[in-house]
Amino acid sequence: MSVKSCNRAIVTPVLIFYLKIQLSVPASLNGSKWSYIGPDGENTWPKKYPFCGGVFQSPIDFHKDILQYDSNLSPLEFIGYNVSSTDQFTLTNNGHSVKMHLSPTMHIRNLPFEYTASQLHLHWGNRNKSEGSEHTVSGKHFAAEIGPFNPSYEKIFRHFRNVKYKDQMVHVPGFNVQELLPDRPDEYYRYEGSLTTPPCYPSVLWTVFRHPVKISQEQLLALETAMYCTESDDPEPLEMVNNFRNVQEFRERLVFISFHEGVLVSVVIACVVGVLIFLVVVCCLCRRKSCKKEESREVTYTQGMHQKEAAISKL
């Protein structure tokens, strides 16, 4: 599992879950190195890691043409996410991102199987262009939303100074990890994809929350300026920025969603408008029919009066 800026943003970090199914023969990562830019950048990944140039790759763009509502997608259940402060998470700088290892007692239910939480990690842009989310919505990147923010992230962000360089690590006291989740975690996108870093195995069940998480301007700046891809004694330190993979092609697949939107909402609105028009027409017809009856009764009464007057005149 993993978790996942306009002055608007999502940190790709924040509990965007990817639920990983291990392949039978994992590839060794020790013999090769990779990065997001430069001679070992994203364009060269397929040469060393063939899956990166294959099918079912992530991240992708969520747009209406590939979305399909699935009534079988239930709200996720997070078990054991309230971790005691006496327990500890390990936060590390692995040279590509900052990653926090989670407790093996944490589980996620209402998926095809019950999964154990493994780690959460972060992706971000840079101080000049805060577009660090990997997945996009209708072509829009996110990075972090400026406004009332989620203070629980400070429980992680305050430790960034201790993982400034590659291979540094620090212990983080336990806390309720579910507080990192966005509002309405029952609304999400679900599709089959891949790891977004080498070896890019196409073995990931992605659950991407619909709603962004809010962090402060200071927290976003900390992400974009606090860490380096290089070790502390490197004479040419390389700032850790733009650590996200570009959107991949999405061939002949669907993204299932747990919420109604787009065409479905339009259909509901059209139905409501149709019912209202029908009621107005029926009401008008009824009023017209009622008016005709009243006019008919008045004519009969008037004629009766004339006949009575004529009879009296004869007398």
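The chain has 4 helices and 14 strands, where helices are DSSP runs of H or I with at least four residues, strands are runs of E with at least two, and both are numbered from the N terminus. Please keep in mind that this is a predicted model, in which local features need pLDDT of at least 70, side-chain atom pairs count only at pLDDT 80 or more, and totals for chains, interfaces and linings use all residues. Residues are numbered from 1 along each chain as its sequence is written, and side-chain values use heavy atoms, with hydrogens and water left out.

Let me go on with the overall surface. Of the 315 residues, 42% count as buried; buried means under 20% relative accessible area, exposed means over 50%, and partly exposed is in between, with a 1.4 Å probe and protein chains only. The accessible surface of the chain is about 17900 Å², and carbon and sulfur atoms account for 55% of that. Those areas come from the Shrake-Rupley method with a 1.4 Å probe, and for residues only the protein chains shown count as cover.

Now to a sheet. E4 pairs with strand E7 (residues 107-109) in the antiparallel sense over 3 bridges; two strands pair here if DSSP finds at least two bridges between them. If you want to find that spot on the screen, look for Phe78, which stands opposite Ile108 in E7.

How many residues of E13 are buried? The count is 6 of the 6, so E13 is largely enclosed by the rest of the structure. Both of its faces are covered: Val204, Trp206 and Val208 are buried on one side, and Leu205, Thr207 and Phe209 are buried on the other. E13 pairs with E12 in the antiparallel sense over 6 bridges, and within that pairing Trp206 of E13 is the bridge partner of Tyr191.

The loop between E12 and E13 deserves a stop, and Cys200 is found there. The structure holds 1 disulfide, meaning a pair of cysteine sulfur atoms within 2.5 Å. Which residues does the disulfide join? They are Cys52 and Cys200, with an S to S distance of 2.1 Å. The link is right-handed, with 80° about the S-S bond. Its two ends lie in distant parts of the chain, 148 residues apart: Cys52 is in the loop between helix H1 (45-48) and strand E2 (61-62), while Cys200 is in the loop between strand E12 (188-193) and strand E13 (204-209). Cys52 is buried at 6% relative accessible area, and Cys200 is buried at 0%.

Those two loops also hold some backbone features worth a look. Most residues other than glycine have a negative phi, and most peptide bonds are trans. Cys200, though, has a positive phi, near 60°. Pro199 lies in that loop between E12 and E13 too, and a cis peptide bond joins Pro198 to Pro199, with omega about 15°.

Over in the loop between H1 and E2 we find Pro59, joined to Ser58 by a cis peptide bond with omega about 10°. Phe56 lies in that loop as well; its phi is positive, near 55°, and at 38% relative accessibility Phe56 counts as partly exposed.

Last topic, the largest pocket. Pockets are found on a 1 Å grid over the protein atoms alone: a pocket is an open set of points where a 1.4 Å probe fits, with protein on both sides within 12 Å along at least five of seven lines, and lining residues have an atom within 4 Å of a point. This one has about 730 Å³ of space, a volume being the space filled by probe spheres set on the points, which are joined across faces, edges and corners. The lining has 31 residues, with Trp34, Ser35, Gly95, His96 and Cys229 nearest the centre. Of these, Cys229 is partly exposed, at 22% relative accessible area. Strand E5 (88-93) and strand E6 (98-101) each supply at least two lining residues.

By type, the lining divides into 11 nonpolar, 12 polar and 8 charged residues. Here Ala, Val, Leu, Ile, Met, Phe, Trp, Tyr, Cys and Pro count as nonpolar, Asp, Glu, Lys and Arg as charged, and the others, Gly among them, as polar.
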